[in-house]
Amino acid sequence: MNKFFITTPIYYVNDVPHIGHAYPTVAADVLTRYWKCKGYDARLLVGTDEHGAKIAEAAKKHNQQPKDYADKISEEFKQAWEKLDIDFVRFIRTTDEDHIKMAQKFLQKLYDKGAIDAKPRLYKGLYCVGHEKFMSPEELVNGLCPDHQTKPIEHSEENYYFKLTAYQKQLEQLITSDTIKISPQSRKNEILGKIKQGLEDISISRANLEWGIPLPFDCSHTAYVWIEALINYYTYGSQNNFWPADLHLVGKDILWFHAIIWPAMLLAIDEKLPKQIFAHGFFTVNGQKMSKTLGNVISPDQLVEKYGVDGTRYVLLAAFPFGEDGDFSWDALDRLYNADLANGLGNLVARVAKLCENITISDNNPSINKLVTSIPTTSGDITTLYAKALENYRFDEALKLIWDEIRIIDHYINNQQPWKLKGQNLINVMQVVVDAIRYLNLKLQPFLPETSEKILKQFSGAIKSQPPLFPRI
Ligand SMILES: [Zn+2]
């Protein structure tokens, strides 16, 4: 059986789940379900990243042990994903014992291969606690970290270094040739541009930080949280004979780690490389960046309360192209929900069920040929285009195609005027319509799993009217 291994970023437990986390996670789930529909052994790995100074500090503020603090937030992420119907194969935590062991094994291999310096180097610089990394002077704006609006602290420490510079030529070639395919294209260009400017060796350990995974070759150091977290993908993949990853879905802010540092680490230990890395965009809410200070952070629960699980999945992915930045507003989401789900899909299903209440429709499996020959449309093309859109991570386009098909079915019903027909004539028209809905439903499944299940049940056997799939807002 063909495999397809998808990962989302594992989220840092200094923050509770919000829609910025839910967005790529739902997208990854849609892809996983899509590949499963195609007969692949598709698996999605999600999880949380739990070590580092920031977590140790946050735990201290709450008078908790770091692990207890991480347990609580990690559980919130897990519950949020379960609530959104995310079909993950494992929720991995970087505090899981098998991950700690695998990370140490990986780091030891890097050390043995000479990819990590034998002795630590002394480093002096400006350190941003929020980022958990040293910042170069060029990265600062008016002396502040532009992301955290805080002044980095002067800091010197001994760190072990990974010899990233050694992989510059190789990485450039692998990315240029799409051996590691980075998309969207604009992001690939950005990464290649940065490689050409030259790579630098990177620090991979911290001294005097207890909340982390000890380096196996020097236990007075713990692994730099980013380096160790990347290994989570390999922890699952290698233990389940499922490596390499077919797709790392990441935010554009962490593309550098996934496109450069992670493949270099794998090259250093002669392991297989991830095939694709896709960087999604970020969104603002009513034109503003989501932030705790502004108090405009939206939790997945808030969306689910309003739109239901499938409604939430829909509005998250339909709003704008996945690789780009966009803006969410409650008004725009309400409009999307009402127009496409309550009116478009919901109305069609209710209307057809009503027309079928007193007739018997045969339970044949919907076949592409039947639909294409019965309804003079480009439906066959829609299916091909839908697959292409999804395989190019254009969820918005795939959804537009589904809604084109809904309009085609509506149009067919309006032309045939089945409400004026009787007996076999009515059955003949409605058989075509019901088959078309069953066929359409296959395309809905990855996006709206619960709704798709309901439609499947409603259009099997005797067809009856049901409460509306999506009550209007
Ligand atoms: Zn910062």
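Domain bounds here come from an automatic or database domain assignment. On that assignment, the chain holds domain 1 (3–120 + 160–280) and domain 2 (330–458), and the C-alpha centres of domain 1 and domain 2 are 40 Å apart. The structure is a predicted model, in which local features need pLDDT of at least 70, side-chain atom pairs count only at pLDDT 80 or more, and totals for chains, interfaces and linings use all residues. Residues are numbered from 1 along each chain as its sequence is written.

**Domain contact**

- Eight residues of domain 1 are in contact with nine residues of domain 2, where contact means that the C-beta atoms of two residues, placed from the backbone, lie within 7 Å.
- On the side of domain 1 that touches domain 2, helix α1 (residues 19–37) gives the most, with six residues.
- Helices (H or I, at least four residues) and strands (E, at least two) are DSSP runs, numbered from the N terminus.
- The residues on this side of domain 1 divide into six nonpolar, no polar and two charged.
- For that division, Ala, Val, Leu, Ile, Met, Phe, Trp, Tyr, Cys and Pro count as nonpolar, Asp, Glu, Lys and Arg as charged, and the others, Gly among them, as polar.

**Nonpolar core**

- A nonpolar core is a set of buried Ala, Val, Leu, Ile, Met, Phe, Trp, Tyr and Cys residues joined through C-beta atoms within 7 Å.
- A residue is buried if 20 or more other C-beta atoms lie within 10 Å of its own, exposed if 12 or fewer, and partly exposed in between, with C-beta atoms placed from the backbone.
- The largest nonpolar core has 128 residues, and I6, A27, L230, V433 and I437 have the most contacts inside it.
- Helix α1 supplies the largest share of this core, ten residues.
- Both domain 1 (3–120 + 160–280) and domain 2 (330–458) give residues to the core, so it lies between them.
- Leaving aside neighbours within four places in sequence, V433 is in contact with V352, I409, Y412 and I413.

- Helix α8 (residues 232–239) is mostly covered, with six of its eight residues buried.
- The buried residues of α8 are N232, Y233, Y234, T235, Y236 and G237.
- These buried residues pack against β1 (3–7), β3 (41–49), β4 (90–93), α4 (97–112), α7 (225–230) and β14 (247–251).
- Just after α8, N241 has a positive phi of about 55 degrees.
- W243 and P244 are joined by a cis peptide bond with omega of about 10 degrees, and P244 sits in the loop between α8 and β14.

**Sheet β6-β5-β7**

- Three strands make an open sheet in the order β6-β5-β7, with antiparallel pairing; two strands pair if DSSP finds at least two bridges between them.
- β6 (133–135) and β7 (153–159) are the edge strands, each pairing on one side only.
- Neighbouring strands of this sheet are turned by 55 degrees against each other on average, direction ignored.
- The angles are taken between axes, which are lines fitted to C-alpha atoms, for helices over the stretch in contact, and run from 0 to 180 degrees between N-to-C directions.
- Strand β5 (residues 121–128) pairs with β6 in the antiparallel sense over three bridges, and the bridge partner of L126 in β6 is M135.

**Sheet β11-β13-β12**

- A second open sheet to note has three strands in the order β11-β13-β12, and its pairing is antiparallel.
- β11 (205–207) and β12 (214–215) stand at the edges with a single partner strand each, so one side of each is left without a neighbour in the sheet.
- Three bridges join β11 to the antiparallel strand β13 (residues 218–223), where A207 stands opposite H221 in β13.

**Other backbone features**

- A cis peptide bond with omega of about -5 degrees joins S183 and P184; P184 is in the loop between β9 (181–183) and α6 (185–197).
- N208, in the loop between β11 and β12, has phi near 60 degrees, a positive value in a residue other than glycine.
- N208 is exposed, with 10 other C-beta atoms within 10 Å.
- N286, in the loop between β16 (283–285) and α10 (300–318), has phi near 50 degrees, a positive value in a residue other than glycine.
- N286 is exposed, with 12 other C-beta atoms within 10 Å.
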